[in-house]
Amino acid sequence: MAYLLAALGGALGALARWGVAEALPRSPGGWPWATLLVNLGGCLLIGVLTGVLAARRPEPAWARPFLAVGVLGGYTTYSAFAVEAVLLADRGAVVLAAGYVLASVLGGVLAVVAGVRAVRGRAR
């Protein structure tokens with residue numbers, strides 16, 4: 001049953017990511033705002049989810065496969081981030097590509113930390 005929850009959540013997350021990408025303007029060779037937004041937002045939300053689930057023992061059996069693996073896994077996209085970074089570098093925008101990699105990786109880790117701390121701060 002967990003795989004069905006992950007599949008359903010993944011479909012919902014992918015649709016949400018597609019909606020964000022469609023809603024934001026984009027320019028060829030420009031900063032990939034949609035991917036950065038979904039990845040940083042997804043990292044923040046998984047930090048919040050991790051904090052919430054850590055506080056609930058036992059955690060609901062459906063929560064992790066549906067929300068973490070499914071919805072947030074389908075919402076965020078490491079592959080699109082990697083392709084966009086390579087395309088920026090291929091177009092000669094090496095500094096922009098390096099900034100994108102730094103903002104995505106470091107920003108993602110900081111977003112997870114912020115999400116976990118936000119939940120822990122409310123629990124105290």
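The model is predicted, so local features need pLDDT of at least 70 and side-chain atom pairs count only at pLDDT 80 or more, while totals for chains, interfaces and linings use all residues. Residues are numbered from 1 along each chain as its sequence is written, and side-chain values use heavy atoms, with hydrogens and water left out.

**Exercise 1. Find how many helices and strands the protein has.**

Step 1: Helices (H or I, at least four residues) and strands (E, at least two) are DSSP runs, numbered from the N terminus.
Step 2: Counting them gives 5 helices and 0 strands.
Step 3: Read from the N terminus, the order is α-α-α-α-α.

**Exercise 2. Work out how α1 and α2 are oriented to each other.**

Step 1: Axes are lines fitted to C-alpha atoms, for helices over the stretch in contact, and angles run from 0 to 180 degrees between N-to-C directions.
Step 2: The axes of α1 (residues 2-23) and α2 (residues 33-55) come within 9 Å and cross at roughly 140 degrees.
Step 3: Angles under 35 degrees count as roughly parallel, over 145 as roughly antiparallel, 65 to 115 as roughly perpendicular, and the rest as oblique. The pair α1 and α2 is therefore oblique.
Step 4: Look at who meets whom, where contact means heavy atoms within 4.5 Å. From α1, R17, V20 and A21 meet A34, L37 and V38 of α2.

**Exercise 3. Which residues make up the largest nonpolar core?**

Step 1: A nonpolar core is a set of buried Ala, Val, Leu, Ile, Met, Phe, Trp, Tyr and Cys residues joined through side-chain atoms within 4.5 Å. Buried means under 20% relative accessible area, exposed over 50%, partly exposed in between (1.4 Å probe, protein chains only).
Step 2: The largest core has 6 residues: L36, F81, A85, L88, A97 and Y100.
Step 3: Both α4 (78-90) and α5 (94-123) supply at least two of its residues, and the largest share, 3 residues, is from α4.
Step 4: A second, separate core has 5 residues, among them L49, L53, A63 and L72.
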